[in-house]
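Visitor: Please show me the model, and then let us go through it by question and answer.

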Amino acid sequence: MGNKRLLFLRNVLLFTFTSFGGAQAHIALLLRYFVTNVKFINEDELLELNALSQVLPGPASTQTLVGIAYKVGGLSLAILTFLIWILPSAAIMTFVGISYSMLDQKRKFIDILEYVHPIALGIVAYGAYQLGKKVLTDQVTFFLAFGALVSTLILREAYVFPLAILIGGMISSAIATPQEETQVRVKLFSNINPKKLGYFVSVLLIMAILGGIINRTSPFSLPIRLFENFYRNGIFIFGGGQVLVPMLYTEFVQMKHYVSQTDFLSGFAFQQVLPGPTFSFTSYVGTLSMKHGGYGFNGQLIGGLLAVLGINLPGLILVLFIVPFWDDLKKIASIKYSLSGVNAVTVGFIAAAFIMLAIPMKTNVLFIAIMFCSFMLLNFTKINPTILVLVGIIMGYLI
């Protein structure tokens, strides 16, 4: 058993450092490392875990990998796998955030990344388009996406995200769900441990209360509020990394002004060239948020750690709690049908993020052309976004 655990952890490391391209590419690598090369689980189990990660809020690839680890070696292996998976890219993004925030480095970063910004916008547009093709299939989903787009652009408040997700899920579930489900629901909810749900909600409530009562001048105030912000966002992110961008942009750039648009896009571009989870981008945002609050090097390190843990914990807790009764959960049609509404709202969020990020480009013809070409290449070829970002970095360095 010990050799099997070591072999599993070796494959986790290989997956961590070769997983470019986001959740869509990650599923193929998960199949290679954990089913084909060494049969830790079978293909049906992998696909079911991936389906579960789509139902739950949080990072899909992370949840699928942790679910595999839980099946292979229980809770201890699942937590160790989680740490191996998130820490390398989070550490790099924290270092990038600290380096970027240093005055003597910032100008250099801005010059080199000048052409990466429109490429990043092309990637965001591609994400919205691809998701939209899959989920905008009727008038209801179009209406929900448009409503989320308009409400995000007009209100620009953090509460829009959870409220729109809740409304979208409820509407699509109410329209499509059959009525003959009572017995399945009773069986499922009888298996849920209320203490576990209490732990999940308590973390959010405790951090929110602490953030509210601690004096804003206290050195502990901003770290606590940051953790609460990221934990709350982690609860309401359905759709993985592509939804992360509009949520973080609205809260930390548009609303709180902790991070500038240029800094935000620079970090997003850097994350695109790294293997590992997209959610590690939060380490960069947490680092710059602490810099904005006047914290030094150590404070920025803490900000990066709090951000990546806060955004990942809800998804980690949920997948570990729900895997044991997933067989019952997947039978509930109301959960399945609510996803179409949640995904439709997600399309609206991403479209709103694209518009807000694109507005400052105004009439810069070169940037618009680069953004358009990036979108077309992603849409009509199999090019990896990593290659586009690297080309943009080279252009910024040479031109």
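Guide: Helices (H or I, at least four residues) and strands (E, at least two) are DSSP runs, numbered from the N terminus. This is a predicted model, in which local features need pLDDT of at least 70, side-chain atom pairs count only at pLDDT 80 or more, and totals for chains, interfaces and linings use all residues. Residues are numbered from 1 along each chain as its sequence is written, and side-chain values use heavy atoms, with hydrogens and water left out.

Visitor: In which helix is asparagine 379 found?

Guide: The chain has 19 helices and zero strands. Asparagine 379 is found in the one that covers residues 365-380, namely helix α18.

Visitor: Does asparagine 379 count as buried or exposed?

Guide: Buried means under 20% relative accessible area, exposed over 50%, and partly exposed in between (1.4 Å probe, protein chains only). Leaving aside neighbours within four places in sequence, asparagine 379 is in contact (heavy atoms within 4.5 Å) with Tyr126, Tyr129 and Gln130. Because its relative accessibility is 18%, asparagine 379 counts as buried.

Visitor: Which residues are linked in a network of salt bridges?

Guide: A salt bridge is a side-chain nitrogen of Lys or Arg within 4 Å of a carboxyl oxygen of Asp or Glu, and by this rule the count comes to three. Glutamate 228 pairs with arginine 232, the closest N and O atoms being 3.0 Å apart, while arginine 232 also meets glutamate 251 at 3.1 Å, N to O. Glutamate 251 in turn forms a salt bridge with lysine 256, with the closest N and O atoms 2.5 Å apart. The network therefore links Glu228, Arg232, Glu251 and Lys256.
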